[in-house]
Amino acid sequence: MGILNLTKLLADVAPHAIKETDLKTYFGRKIAIDASMCLYQFLIAVRNESGQLTSTDGETTSHLLGTFYRTIRLVENGIKPVYVFDGKPPELKSGELSKRQEKRVEARKALDKATESGDVAEMDKFNRRLVKVTKQHAEEVKQLLSLMGIPYIDAPCEAEAQCAAMVKSGKVFATATEDMDALTFGSKVLVRHMTFSEARKMPIQEIHLDKALEGLNVNQEEFIDLCILLGCDYTDSIRGIGPKRAIELIHKYKNIDAVLKNIDKDKYPAPENWNYEGARDLFVNPEIADPDTIELKWSDPDEEGMVKYLCGEKQFNEDRVRNGFKKLIKAKSGTTQARLDGFFTVLSTTPAKRKIDDKKNTANKKRKISRRSG
């Protein structure tokens with residue numbers, strides 16, 4: 001779920017924090033990708049008429065096909081991806097996971113009913129709701145990434161928290177995920193829709209945390225409490241408090257502790273045994289691997305290893321896999337060029353400002369000449 005209604009709140013209150021862009025703008029950038037979210041997208045989107053793609057043995061291959069082609073697409077655009085996999089979920093997330101399990105049980109019942117009546121559209125809808133990323137899916141994708149020469153990280157806990165830590169440390173430029181709680185964990189830049197298929201025709205959203213905080217008129221600590229009030233994966237929220245009311249309360253009282261002391265508890269009843277402090281601590285002090293101990297290395301892909309794994313074990317088309325290898329090699333040779341903005345100062349595009357800059361540069365040159373001649 002991430003953070004409920006945070007995207008809409010930012011669009012309404014801090015629209016300048018969100019900009020739309022496309023893949024080519026990330027040339028030369030290192031991007032940490034939330035792997036589980038990515039695989040979930042592939043398992044839903046990469047399908048045929050009967051459902052997920054499978055080998056002749058009946059094993060699901062949608063996640064592998066999606067990872068293979070989408071990673072190639074990222075590398076072709078000069079992006080250096082690093083996939084981050086979830087570790088064990090925090091104990092506070094057990095409630096959210098239980099809710100998801102209950103929804104899957106309901107979806108299973110609905111699917112059985114739709115199958116009985118022969119309603120193909122309903123069958124497809126509920127089949128998608130039953131999609132779940134398994135440990136086997138993750139392990140298979142890790143094997144593929146190793147053969148493609150793409151680094152991955154096993155997070156000790158939440159992938160979004162690890163991605164955010166990598167961004168804060170400067171190891172990568174941004175976190176790529178659909179979950180807005182990457183911002184709550186402190187990721188300076190969040191990129192959404194990066195791993196979507198082009199068929200979805202959705203522009204990439206780039207969200208900057210500093211501009212979000214500025215637009216919301218909160219600091220990071222207040223932002224975390226705001227996100228808990230909106231609704232997060234770790235605890236229920238206060239019934240009756242929506243996004244508008246939540247931001248008003250944070251502006252007035254600064255934190256949840258003070259909010260609870262001042263709101264009408266009959267009108268806005270907090271959940272029983274509400275562990276908002278535990279949720280806050282998870283966002284402030286998440287369990288992560290120290291980014292300074294992590295070495296990111298993009299290596300040459302193993303053509304024969306890829307063919308053996310994808311074509312031998314998973315029964316992919318060999319010509320397509322070898323063509324994919326050629327694209328990876330070609331793209332890799334083209335990404336050695338550094339981003340130009342790392343070498344040059346960006347000048348103003350307004351004529352008036354450029355004129356002022358030119359005068360300053362001319363004056364500086366004259367001063368230097370005068371010093372040398374003196």
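Modeller: Ground rules first: buried means under 20% relative accessible area, exposed means over 50%, and partly exposed is in between (1.4 Å probe, protein chains only). Helices (H or I, at least four residues) and strands (E, at least two) are DSSP runs, numbered from the N terminus. This is a predicted model, where local features need pLDDT of at least 70 and side-chain atom pairs count only at pLDDT 80 or more, while totals for chains, interfaces and linings use all residues. Residues are numbered from 1 along each chain as its sequence is written, and side-chain values use heavy atoms, with hydrogens and water left out.

Biologist: How many residues of α3 are buried?

Modeller: The buried ones include His63, Phe68, Arg70 and Leu74. That leaves α3 mostly covered, and of its 15 residues the buried count is 11.

Biologist: How far apart are the end C-alpha atoms of α3?

Modeller: The expected span of a helix is 1.5 Å times one less than its number of residues. For the 15 residues of α3 (residues 62-76) that gives 21 Å, and the end C-alpha atoms agree, being apart by 21 Å.

Biologist: Which residues touch the most other members of the largest nonpolar core?

Modeller: A nonpolar core is a set of buried Ala, Val, Leu, Ile, Met, Phe, Trp, Tyr and Cys residues joined through side-chain atoms within 4.5 Å. Of the 52 residues in the largest one, the two that touch the most other members are Tyr83 and Met194.

Biologist: Which helix gives this core its largest share?

Modeller: The largest share is 6 residues, and they sit in residues 135-148. That stretch is helix α6.

Biologist: How many residues are in the other core?

Modeller: It lies apart from the largest one and has Ala17, Ile207, Leu229 and Trp274 among its members. Its residue count is 47.

Biologist: Which side chain makes a polar contact with the side chain of threonine 195?

Modeller: Threonine 195 lies in the loop between β8 (189-192) and β9 (204-208), and it's buried, with a relative accessible area of 8%. A polar contact is a pair of N or O atoms within 3.5 Å; within protein, one must be able to donate a hydrogen and the other to accept it, and residues adjacent in sequence count only if both atoms are side-chain atoms. Here the distance is 2.5 Å, and the partner is glutamine 41.

Biologist: How many residues of α10 are buried?

Modeller: Phe223, Ile224 and Leu229 are among the buried ones, and what covers them includes α1 (6-13) and α13 (276-284), where contact means heavy atoms within 4.5 Å. So with α10 (residues 220-230) mostly covered, the buried count out of its 11 residues is 10.

Biologist: What kind of aromatic pair do phenylalanine 68 and tyrosine 69 form?

Modeller: Rings of Phe, Tyr and Trp (its six-membered ring) pair if their centres lie within 6.5 Å; planes under 30 degrees apart count as stacked, over 60 as edge-to-face and the rest as tilted. The count comes to 6 aromatic pairs. In this one the centres are 5.0 Å apart with 75° between the planes, making the pair edge-to-face.

Biologist: And what about the rings of tryptophan 274 and tyrosine 276?

Modeller: Tryptophan 274 is buried at 11%, and tyrosine 276 is buried at 9%. Their ring centres are 5.1 Å apart and their planes are at 50°, so the pair is tilted.
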